[in-house]
Amino acid sequence: QVQLVESGGGLVQAGGSLRLSCAASGSIFSISAMGWYRQAPGKQRELVAGITPGGSTNYADSVKGRFTISRDNAKNTGYLQMNSLKPEDTAVYYCAADLYRLTRIPNYWGQGTQVTVSS
């Protein structure tokens, strides 16, 4: 079992930066794939970035070059560094995890953290 708690959201001006954290409980974090998802009002939830247990990463085209996903297995924590933020990045951001690889709908989810980017 994995419990996830996000932090680091907030209000930022366009062009600014935020770093989201996802603290995981449980002993299987190091063998779990992790992803950051977001959901804007009236839109479907989308995968923003993912990272495998070994550290391979993938990104949505809309955030490539601006967002960086990382993990610290010793701290059982994942991160999403968001730079050059745009108003269209405004959404609730969720971290999610699955054993070994992310499935289409991951088994474990955090409660979400709001990110608001003002123009």
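I am working with a predicted model, where local features need pLDDT of at least 70, side-chain atom pairs count only at pLDDT 80 or more, and totals for chains, interfaces and linings use all residues. Residues are numbered from 1 along each chain as its sequence is written, and side-chain values use heavy atoms, with hydrogens and water left out.

I looked up Asn-76, which sits in the loop between strand E7 (67-72) and E8. Asn-76 is not a glycine, yet its phi is positive, about 55°. Next I went to Tyr-100, in the loop between E9 and strand E10 (108-109). Tyr-100 also isn't glycine, and its phi is positive too, near 70°. I checked accessibility here: Tyr-100 comes out at 55%, so I call it exposed. My scale is relative accessible area with a 1.4 Å probe, protein chains only: buried is under 20%, exposed is over 50%, and partly exposed is in between.

**Entry: the sheet**

I traced an open sheet of four strands in the order E1-E3-E8-E7, with antiparallel pairing. Strand E1 (3-7) and E7 are at the edges with a single partner strand each, so one side of each has no neighbour in the sheet. From one strand to the next the twist averages 15°; for such angles, axes are lines fitted to C-alpha atoms (for helices over the stretch in contact), and the angles run from 0 to 180 degrees between N-to-C directions. Two strands pair if DSSP finds at least two bridges between them. For E3 and E8 I found six bridges, in the antiparallel sense. Cys-22 stands opposite Gly-78 in E8.

**Entry: the disulfide**

How many disulfides are there? I count one, taking a disulfide as a pair of cysteine sulfur atoms within 2.5 Å. The disulfide joins Cys-22 to Cys-95, with S to S at 2.1 Å. Cys-22 is in strand E3 (residues 18-25) and Cys-95 in strand E9, so the pair links distant parts of the chain, 73 residues apart. The torsion about the S-S bond is about 60°, so I wrote down "right-handed". Cys-22 is buried at 0% relative accessibility, and Cys-95 is buried at 0% as well.

**Entry: a cluster of rings**

I searched the whole structure and got two aromatic pairs. Rings of Phe, Tyr and Trp (its six-membered ring) pair if their centres lie within 6.5 Å; planes under 30 degrees apart are stacked, over 60 edge-to-face, and the rest tilted. Tyr-37 and Trp-109 make a tilted pair, 4.9 Å centre to centre with 55° between the planes. Tyr-37 lies in strand E4 (residues 32-39) and Trp-109 in strand E10, so this pair ties together parts 72 residues apart in sequence. Tyr-37 is buried at 7%, whereas Trp-109 is partly exposed at 28%. Tyr-94 and Trp-109 are edge-to-face, 6.3 Å centre to centre and 80° between the planes. Ring pairs link Tyr-37, Tyr-94 and Trp-109 into a cluster.

**Entry: Asp-89**

Is Asp-89 buried or exposed? I found it buried, with a relative accessible area of 0%. Asp-89 is in the loop between strand E8 (77-82) and strand E9 (91-99). Leaving out residues up to four places away in sequence, Asp-89 touches Arg-38, Arg-66, Phe-67, Ser-84, Val-115 and Val-117, where contact means heavy atoms within 4.5 Å.

Methods. Helices (H or I, at least four residues) and strands (E, at least two) are DSSP runs, numbered from the N terminus.
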